[in-house]
Amino acid sequence: MGRIALSRRRLAVAISSVALAVAGGAVLPTTAVAAPVAPWTSATAITGTDVSTSVLDVVTAADGSAVALWNQFAGVGGGERTLYAAVRPAGSDAWGTPTPLATTPSEAGGAQLHASADGTVTALWVEHPDNTGPGDTNLGIRLVSSVLAADKSGWSAPAEIVGTDAAWSDAGIDLAEAPDGTVTAVWTTRANSAAHAEVHAATRGTDGTWTDPVQLSTAATDGADFAANPSVAVTTDGTAVIVYKQWDGPSASLYAVSRAAGATEWSAPVAATGSYQSVGDPEVAAADDGSLTVAWPGTDESESTSILTATRSGEGTWSAPETVTATDNLADTPEPLIAPDGDVTLVWVDYTSTFSARTATREADTGTWSAARTLSTAYASEQYDAAIGADGTVHALWSQSGTLREAVRSDGTWTSPSQLPGSSNAYVLGHISVGADGAATAVWSGAATESSVGRLYGSRTAWPTLAVSASSVPTTAALKGTTATSTAWAPTWTLSRPTSSWSVTITDRAGKTVRSLTGTTGELKIAATWNGRTASGSYALNGPLTWTLRATQEGAASAVKLASGTVTVAGGAAVLRDFSGASATPDGTGDLLTLNSSGALTWQLGKASTGTFSGKVSGSGWTTTVKAVPVGDLSGDRCNDVLVRYSSGALRLYKPGCGKAVTPSTSYTTLASSGWTQYNVLTSPGDVSGDGRPDLIARNASTGAVYLYKGTSTGKLASRVKLYDNWKGYRKIVGVGDITGDGIGDLLAQDSSNTLYRYNGTGTGTFKARTKLFTNWGGSYNAVIGVGDITGDGKADLVSRDSSGNLYRNSGDGKGSFGGRTKIATGWGGYKSLF
């Protein structure tokens with residue numbers, strides 16, 4: 001059956017970015033992965049069930065709309081057969097009402113569409129005006145053209161290029177456009193049944209009128225039998241070149257004529273190849289460097305047939321023929337599909353052990369043809385289509401097992417076979433085109449049985465809205481035992497369409513960025529890796545972090561949010577006041593330390609979901625006179641430590657490890673053997689010196705002097721530095737961590753009038769002048785603890801106990817203040833101390 005259209009050059013040189021997409025199965029290598037291709041939309045019927053169709057061509061116009069051309073029959077075997085066209089707007093699946101183009105009731109002969117850079121579409125076809133029905137055999141023809149307006153408002157009245165008085169028989173037509181917008185049509189005809197078939201041409205100027213036909217071949221003069229089946233291409237400098245075959249008794253050759261840009265005269269024919277026993281129809285295409293490549297099948301004296309190519313340089317010289325591959329029962333000549341880098345790909349159907357769709361590529365950097373490879377996976381009918389996009393992507397389309405199959409070659413690799421949706425029919429014939437934006441359109445005729453009508457269908461490729469279609473995102477990042485080069489978290493997402501760039505932003509509970517991961521990809525899969533460190537290289541804090549995936553789809557200007565979730569860090573840096581959690585490991589939520597009358601130090605575990613305490617970790621054996629100070633990770637093991645002052649004045653740093661109770665037998669370091677009973681306030685505000693280590697604030701009971709003990713890199717305390725001379729006026733001094741959001745520890749102080757003040761840490765080991773927060777605050781409180789974040793919002797909170805044993809929470813606002821109190825427990829009066 002061969003390809004439906006007689007030529008594949010449907011698109012103007014000026015819009016050579018248009019490519020043809022395809023559907024199919026292929027025998028492919030596994031060492032490389034092809035770039036993702038857009039999926040096809042569901043098939044849309046263009047015609048009804050009352051007519052039968054045979055598709056002829058489809059093009060994509062400059063505005064992205066698609067135009068289809070077909071022969072339509074009034075039912076199966078119907079008497080009236082005529083040429084129709086329809087338009088589908090860009091980005092739409094709905095086709096417009098079919099429009100008849102032909103002026104005669106007989107089936108059109110050769111027909112072709114061409115899309116111009118100005119948005120118009122030209123239809124060129126052969127009519128048989130002397131025929132009154134499909135059974136008539138009068139061979140008188142006329143060549144007719146019509147133009148679809150750029151706004152797709154309608155077709156022009158058909159213009160006759162050649163009339164029946166000068167044309168007899170139809171042996172191939174073709175169209176090509178020059179950079180200046182002129183269009184050249186070529187065809188073969190003879191003046192009457194006794195005349196030689198000759199190649200002719202006419203040119204449509206920018207004013208829309210066609211020149212008188214000009215005969216180009218000289219078969220009769222040369223004593224040859226005939227000249228036929230012309231193919232035309234226009235080089236980048238505007239030179240039009242026509243290649244045709246000419247038979248002379250027992251031999252045949254390819255001849256070429258040319259016309260320089262702006263000229264009106266064509267050159268005399270010259271032989272483009274040597275002689276063969278026979279030659280098939282030539283197909284010529286232009287490259288970006290000004291050269292041309294022609295392909296044709298040639299049979300030598302041994303009656304062996306090969307697919308051959310030759311190249312015409314920009315200077316007009318033809319190369320010696322190159323053999324691509326031997327062939328048998330070639331369905332039709334493959335068109336050279338020339339990529340911007342100069343690679344040339346051919347796609348064809350021929351017979352090996354069965355009819356198969358095959359391909360070969362001549363790499364520009366080697367200048368040699370690859371071995372032919374099979375794309376189809378089963379019997380392929382002799383109808384196929386192929387084209388190339390502006391980026392060099394090659395598309396192949398063929399009929400296989402009653403369906404249309406597609407394969408796409410991108411970056412030198414073919415995709416696996418795929419089937420166009422809705423194309424399953426016993427008899428299916430298809431064409432395909434691609435727009436400048438890479439979107440493909442396929443149009444096909446499909447009949448369920450030989451006696452069924454062949455309806456016309458269309459489909460297009462369209463990436464769905466950018467979204468996550470699948471993912472594998474670990475919920476935990478375990479940092480224990482990792483290094484800066486380790487991968488602690490490796491999420492992957494599969495997207496619905498390719499992206500040019502992506503980012504994964506990891507933020508803490510307060511919304512501050514912990515780390516940003518970025519990448520670029522033209523694929524559907526995003527694979528991110530994180531070593532569990534912050535941007536500065538330190539360990540991320542324990543507890544839940546929020547990740548947010550954003551991506552920019554190819555061709556878009558900005559990124560969109562696609563997904564978000566949480567990943568819980570374990571084995572990371574210690575969070576202030578976080579000693580344990582529900583899983584016996586730190587969870588990023590603050591905990592409260594209590595001492596009961598039996599000498600048990602108990603971690604009351606914060607529950608972020610409720611802002612309360614739930615669960616306990618206890619260590620017994622303590623005297624009830626100890627003063628415990630949760631101090632943060634002073635030892636550097638990424639687990640929070642506890643300072644304990646004994647009644648003897650000794651001070652020890654206990655290092656219980658993450659999630660474990662603190663007991664008298666817990667590993668400790670003695671910081672002082674005496675002297676610490678002089679202090680009636682011991683509290684840790686976190687890091688106030690800016691070195692990343694926790695510090696200690698102490699007030700002398702007799703003088704009221706306040707001192708800073710800086711944490712050191714050896715897990716001890718530096719010598720004290722006096723900050724204030726006399727703070728006796730304060731009833732309570734509470735280290736609360738960072739409550740202002742600047743990363744520096746702060747202090748609260750309540751005076752005898754129950755006014756509460758805030759002292760902002762400076763990061764240099766001092767505090768700024770006080771700021772009044774509340775008056776008449778906390779007069780009934782016998783304990784106020786800066787417990788860290790127990791509400792899960794990343795903001796440090798305050799817990800207080802009143803004289804009745806009620807426990808309250810004041811939620812931090814992250815700006816240095818607190819909300820109104822919320823009662824979170826009762827019956828806490830039995831605890832001797834809260835730390």
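Tutor: The structure holds one disulfide, meaning a pair of cysteine sulfur atoms within 2.5 Å. This is a predicted model, in which local features need pLDDT of at least 70 and side-chain atom pairs count only at pLDDT 80 or more, while totals for chains, interfaces and linings use all residues. Residues are numbered from 1 along each chain as its sequence is written, and side-chain values use heavy atoms, with hydrogens and water left out.

Student: Which residues does the disulfide join, and why is it called left-handed?

Tutor: A disulfide is a covalent bond between the sulfur atoms of two cysteines. Here Cys639 is joined to Cys658, with an S to S distance of 1.9 Å, and because the torsion about the S-S bond is about -100°, the disulfide is left-handed. Cys639 lies in the loop between strands S46 (627–632) and S47 (641–645), and Cys658 in the loop between strands S48 (651–654) and S49 (668–672), so the pair ties together parts that are 19 residues apart in sequence. Strands (E, at least two residues) are DSSP runs, numbered from the N terminus.

Student: Is each cysteine buried or exposed?

Tutor: Buried means under 20% relative accessible area, exposed over 50%, and partly exposed in between (1.4 Å probe, protein chains only). Cys639, at 8%, is buried, whereas Cys658, at 28%, is partly exposed.

Student: Which residues touch the most other members of the largest nonpolar core?

Tutor: A nonpolar core is a set of buried Ala, Val, Leu, Ile, Met, Phe, Trp, Tyr and Cys residues joined through side-chain atoms within 4.5 Å. The largest has 28 residues, and those touching the most other members are Val324, Leu346, Val347, Trp348, Leu375, Trp398 and Trp414. Strand S24 (344–351) is one of the elements giving two or more residues to this core, and S24 gives the most, with five. Apart from it lies another core, of 24 residues, including Trp547 and Ala563.

Student: How is strand S60 placed, and what are its pairings?

Tutor: Strands of a sheet pair through backbone hydrogen bonds, either parallel or antiparallel; two strands count as paired if DSSP finds at least two bridges between them. Five of the six residues of S60 (residues 807–812) are buried, so this strand is largely enclosed by the rest of the structure. S60 pairs antiparallel with S59 (residues 797–802) over four bridges, where Arg801 stands opposite Leu807, and five bridges join S60 to the antiparallel S61 (residues 818–825), where the partner of Tyr808 is Lys823.
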